[in-house]
Every structure is written in structure tokens, then in C-alpha cells.
Amino acid sequence: MKPASLRLFFILLVIVAGAFGVSRLDFDVDPLSLLPQELPGLQGTRLLREQKRNLLLIAVQADDPALVEVTADALAEHLAANPELCASVRSKSLLQSDPAIIAEVVAYLWFNAPPQEVTKLIASLDPASITALLAKSKEAAGSSLDLQNATLSGYDPLGLARGALSQMSGGGDMSSLMGDEFNSADGTLRLLFVTPPGKALADYRAANTWLTEIKKAVRKEWLPQQGELTGVKIGFTGDPAFQAEIATGMEGDMRQSIGAVTFIVGFLFWLLHRSVKPLFWLLLAILCANLLTLGTAGVIYGSLNVMSMGFAAILTGLIEDFGVYGLHVAREHPGERFGSICRRALPSVTWSAVSIAGIFAMLGLSQLPGVAQLGVLSALGVLIGAAVMIFGFLPLGMTTGKIEEHHGTIRLAMRMQGVMVWLVLIVLVAATAVVGWKGLPKMDFGSAVLRPDKSEAFDVLEDIEQRMLNTSNEPGRNVPVVFAAPDATALRQSILAAQKTLKSDEVEAQLLPLALVPDADAQKANLAALLSLTTREDALKQAVDTAGFTDIAYALTQNVFKQWREWAVAKTTLPLWPKPIVLENLGGIVSQHDKHGVMAMGSMRLAEGRTLENAPVLHELEKIPGAHPAGWAFLRTSLEPLLKREILHVCVPTVVIACILFLLVFHGWRERMYAFFTLAASGWILLGGMSAWGLTWNLMSVGAVPLCLGLGLDFTIHVMHSLREPGMTRERVASLGRSLAYCGLSTGLGFGALAMGSNRGLITLGMTAMIGVITVLITAAFALPWVWFRRKG
């Protein structure tokens, strides 16, 4: 087989193998995937999101509360009548829901209550006590200022519902359970909770498809037909909306960046070489290297997280340099064959690739999975890319005809060397002034960095929080608590242990859903006692009538008694779980999962003066098997010490590796001093630029650090290898600088295209990388040669 045919066969084989690996690859846009599994609060936050993963919130808003109520009821009815669009719609609180559901909730809570509480209930309803109980209920119904209490008293004179709900709240304040989670206080905002049809949403693509369908059905089809509903605004939020907006926004940004990089690479390459054929082979080699690396990722990881999804852009910016440098060597030595050119270019490319890969590989020691995955894949990609460029692209690029020198651009590059030195000095002074004025860039490792810059889902959620939550209370004191266990028995044990732990001076209140978790022993003991109570139904009804209550006041009690009889007749296998419709109307605070077993959601409120940072009870709670404090607020308290530990895990080994590479790659104190000051000046300018533009170090922008350091080493190594060659002239170094300018500008401007995108994290990554890459290009490829020859002269 001829060499050209062999190369073509190899290229096709690489593309097929890479495509196979990519087909096995999945993309995880969950920001929690960027954090270590053992981080306090992570498991609880992940479980909390899992509970609400498929729950879409539709917000109906208008200035007229009556219009909001009419619109919300009509929309809920319309959605409920379209099962192909949504599986269920909740638009009313428990007290406003179907009376049959309320009766079943009350019946179940007493059925599952501690036997001693059932004994107290029966005692309160004996003939000697019932008269006083009814008199108290009648007084409460007529005089209570609490509308909820008055409503319960009027429709529940025997206290079955109040006692049951007290069991649910552990005898504490029921307001957070019984409060209206659907309406704002002024009635101008109403929420609908909607779940998707069929199976759970598999990924963000499914979430985006469903969200698009439901938006179209509501805004374009249903709302225009409701002529009288003018002035109504309908918004969408919740986890499906977040998934769709974040992921599709990032995909769009990456496509925009890839398109920009392709255009920039092509345009600058044509300016540099005025030849299309080498450009074709270069782009094909970049594609092959990326496919090989993605295929490797598919085998090693199976999925890429939101941070490492950007490694392809990093890789493109790094490996194209190896191919362009090889062409530069071939142009410097016309007439030599590939073997000779390879021997000339290989030392510089090898040291550069090993140095960059070593820097990225140190990120693999990170405790942050996103950073670790980015580092490992980039290190593998650099080594693979260097091999592809030298042994794949270079021999093909050399056979495309004579590559023109274009002396005009070389003379321009020589003049730019002196200009760039003064530019670097001026920018260094400016960076020092900016850092002194505004300080170093701040750290922000919250989830907000992953939100789109313009997001309906986030805007609607912020509006809901502002209008429906009591913002006068310190939100940092409220902590969600999630429980997960393989079965009901283990779940009860976990909640009971948490109740004991939370009886502390650090905790003001706790609300744990123990009453809804089945207890086989209690149910067995209670059923006979409750059934005996139903035998007195006629006497109890007569007592209620005699006390002056309306006929409807006894309806709830009748339905509760009916439910107890049905369970007794059916002889249901114990423990009995509440019906799914009951759990749904209770907001899914207890649920069953194929993956997580059984789950329950509760909450706690820290005592006044306590914060997430100074509440040891939270860490004691995490020691209980199956109990997990949750929320990004709690996660953030663990991130700061984690990042400090990162210094030992990543920074120290990276510095050690960088020092070893400095000693091995650069010869003599002069080369090492120049290389050090080149990288140090670039780093300081980057910090000043970030402060000037208000950029932060976040879960995305940290990926720019190894990229800038890697390119800085790469450019410096190539320049130093050229400068140490005998007889090297300023013209030849300027020619190299011109080639490196192509690599640096295409990479920097390509990342700069991300700054035009919609995702905040990618915007900061793009801006940070663009500033850093262009800075190291200027200092290494232009300022360094000018200083070298100036000192030498």
C-alpha cells in the first residue's frame, strides 16, 4: 500500500474509532457533578434535586387577584385534560383539595400514629369529654383570628384533622406545612405544579423538548383563545426549565465558539501561508485528535461534566501550535525530507507537549471532579494531539507545495517586538494599579455561575421567592433535610435519630415527616382501636348535631371512619403506604424511588444567632445514616476549606512539576530567568485584567489557568529552542513569532467568542482565557525575543 493511501486509511480508522467512543459518551450538565462526593451537604442537595427533578412550576401573575384565580383554575383544568402533555397538575393546597383526599390523609395519619396518641384521641371522644371538646371547637370556629384554625374547627368539630396534622408536624408549628404554597399573600401570584407524562425526564434534551411543547400549548394555543384573560403573565421555572435553559444555552455557546474558532483558524492560516491545502489537513488533524481524545473519554469516564465539555476548545488551541511549528521548521529548511524536519521539530514539540501535559495531569489530583476530569483529558489530548500533528499532519502539510515566506509580515513582526515590550510594561503598571484599587479577583463557587445571562426560569424563581417567602426571616437559618433509606423501617430509624439530634439549643424548630413513614407495629395496634371508635359513629354525630354544628361539619369524620373500615375489611398487608395521590397532594415529602429506595423531605430552623458556619449540629446530623442536610447555602460553607486543601493537593505538586520542567527544558540561569519573568508577567496581567472587568474565579473560569500556563510554557519553549540555535537571527525568530501569533490569536479570539454567549460561566471562562492567552502570546513570542537580543547586543 502506498504511503498516501496508508495515511488516508489511518485517518478514516481514527475517525471511526473516535466516533464510536463519542457515541458512548454522555454529557452531565449538573453543577453538582463538579464537586467531590464526600463534600458535606452534597448528597442531600443531590437527593433534594432528585425529588424535584421532574417538577415544573408555572407562575400565573396579574394585578387583579380574581383574574389570577380564574386563569390558574382554567389553566389547571386545561392541562389536566391533556394527559399526553402532563401526568398531573397541582394547583391547590391540601385544605383546598378534594375532601376525599383530606379525609384519607387524616385517616392515614391516625392509622400510622403512635398508639398512645390514638388512645388519647379515643379518650377525648368518650361521653364524659366530648361536650367540652365540641364547645371549645365551636368557640374557635367563631372567634379565632387564625383563618386556618377557624376553618378546621368548623369542619372538624371532633378534632380529628387538627390532631392528625399535629402528628405530622411533631406537635410543633404547622404553618409551614399548612401554609399556602400556591398563592402569594396579595393573591397576585399563583403557582401550578406540573409533572411530565410517562417516564421521568431522561436528560436535559428530553426536558427541553417537553418544556418547548408545554410553552407552545399554553402561550401560543391556549392563552390566545382566552380573550377575557388580558394582562395575565405566565412564566415557567423549576428543575426541567433550569436543565433546558442551562444545557441548551451551553450547547449553543459551544457551537458558536466552534464556528468562530473554525473561521478564525482558517482566516489566520490563509493570511500566514496563503494556501488552502495545509489548512484542510490541519483542520482534519485537529478533528482526528479531538475524536481520539473523546473516544478515550468514552472508554474511561463514560460521561463529561460541564467543565470538561470545554476541553475540546482548550485542546484545539494547544495542539494546532504543534502543527504550525512543524510547518515553520519545514519552511526554515526548504528541500529537506520529512525525516530530517521531524528530527529538528521533535525535541521542541516533545518538551512542549510533555510540559503542558504534566501541568494538566497535576489537575487530576484535584478533589473537584470537574477540574480533575478536565486535567486528565487535556493531558491525554495534548500528547495525542502532538503525535497526530507531527506524524500525521506534518508529512501531509509538507507535500502541498511550496509555502511562501511573505517577508512583509516578517518585517511587521520585527517592528512589533519593540512595541510589545513597551505595551507589556504599560499593562503591567496598569494591572498593578487595578489590583491595588479593586483587589485581586474574587472567588465565586456557587451554582449561579452556570445560569444563563438571560433566563426566564431564574427570573421567575427569584420573583416567586421575593413575593411568596418571608424575606424578613434570615434565609440562612432554614436548612432542608433529606432522608433516604432502602426501606420504611430504616427510614424511620434515620428520622427518629435526627429528631433526637435536633433537640438542641442550636435548633429553633424542626419539621420531619415521620408521621407519613409506615410503621407496621403502630398500624397493627391502631387498626383495632380505630375500628372500635367507628362503632360509636351515630352517637358522635348526634353529639355534633346537639352542639349546633351544621350537617356538613360531620362529613369529614364520616369519610375518615369509612376509610378505616375499608382498611379493616381489605385486611391490607402491613405496613401500608399512603396512596400516591395522597403523597402528591402533600408535595411529595415522602416518596418511593427505584434508585434511592424510600425518601423523605424535612426541614429545620437554626436558633437565632446561629448560622450555617457555626452550627455543629449540621455535621452531627450528617453522621446519621440516611440523613442529609441539603442546599447550596450549606454546600458553600464546605467549599472554602475544600479550596484551601486544594493548595496541597494540586498547587504544590504543580509547582514542583513546573520547577522540574524549568530545570530540564531551559538551559542555564539566563533562559530560566527569562522564562520565569515571562510567565510571571503574564500571570500578573491576567489578574489585573480580571479585576478590571469584574471577572471572578468560579467553577468554569479556573479552567483557564492551566490553559494559559500551558500555552505560556509552549510559546516560551519554542522561542527558547529557536534562540539557542547557532546563528539565530531576529528575522528568523520574528518568523516564529508570526507563526505563534497565529496559534495564540486563533485560540484567544476563539475563547473570546464565548464571551458573546448566554451562559455566565462560559462568559467568564471565555474572557479569562482570552486575556490570558493573548497576554502570554505577546510576552513570550514578541517581548521575550526583543529583550533577549537587546541584552545580547
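I started with rings: Phe, Tyr and Trp rings (the six-membered one for Trp) pair if their centres lie within 6.5 Å. By that rule I get 8 aromatic pairs in what is a predicted model.

One of them is Phe-676 with Phe-677, with 5.4 Å from centre to centre and 75° between the planes. Planes over 60 degrees apart count as edge-to-face, so this pair goes down as edge-to-face.

Is Phe-677 buried or exposed? I noted 51% relative accessibility, and because the cut-off for exposed is over 50%, Phe-677 counts as exposed.

I also looked for rings that link up. Tyr-108, Phe-111 and Trp-567 are joined into a cluster by ring pairs.

Next I checked charges over rings. Arg-90 has its charged end over the ring of Phe-193, 5.0 Å from the ring's centre. I found Lys-438 over the face of Trp-437 too, with 5.9 Å to the ring centre.

Then I moved on to Gln-61. Where does Gln-61 sit? I found Gln-61 in strand S2, which covers residues 56-61. Its relative accessible area is 12%, and buried means under 20%, so I put Gln-61 down as buried.

What does the side chain of Gln-61 reach? I see a polar contact of 3.4 Å to the side chain of Asp-463.

I listed the contacts of Gln-61 as well, leaving aside neighbours within four places in sequence. Asp-463 is there again, along with Arg-467.

How values were computed. Residues are numbered from 1 along each chain as its sequence is written. This is a predicted model: local features need pLDDT of at least 70, side-chain atom pairs count only at pLDDT 80 or more; totals for chains, interfaces and linings use all residues. Side-chain values use heavy atoms; hydrogens and water are left out. Rings of Phe, Tyr and Trp (its six-membered ring) pair if their centres lie within 6.5 Å; planes under 30 degrees apart count as stacked, over 60 as edge-to-face and the rest as tilted. Buried means under 20% relative accessible area, exposed over 50%, partly exposed in between (1.4 Å probe, protein chains only). A charge sits over a ring if NZ of Lys or CZ of Arg is within 6 Å of the ring centre and within 35 degrees of the ring normal. Helices (H or I, at least four residues) and strands (E, at least two) are DSSP runs, numbered from the N terminus. A polar contact is a pair of N or O atoms within 3.5 Å; within protein, one must be able to donate a hydrogen and the other to accept it, and residues adjacent in sequence count only if both atoms are side-chain atoms. Contact means heavy atoms within 4.5 Å.
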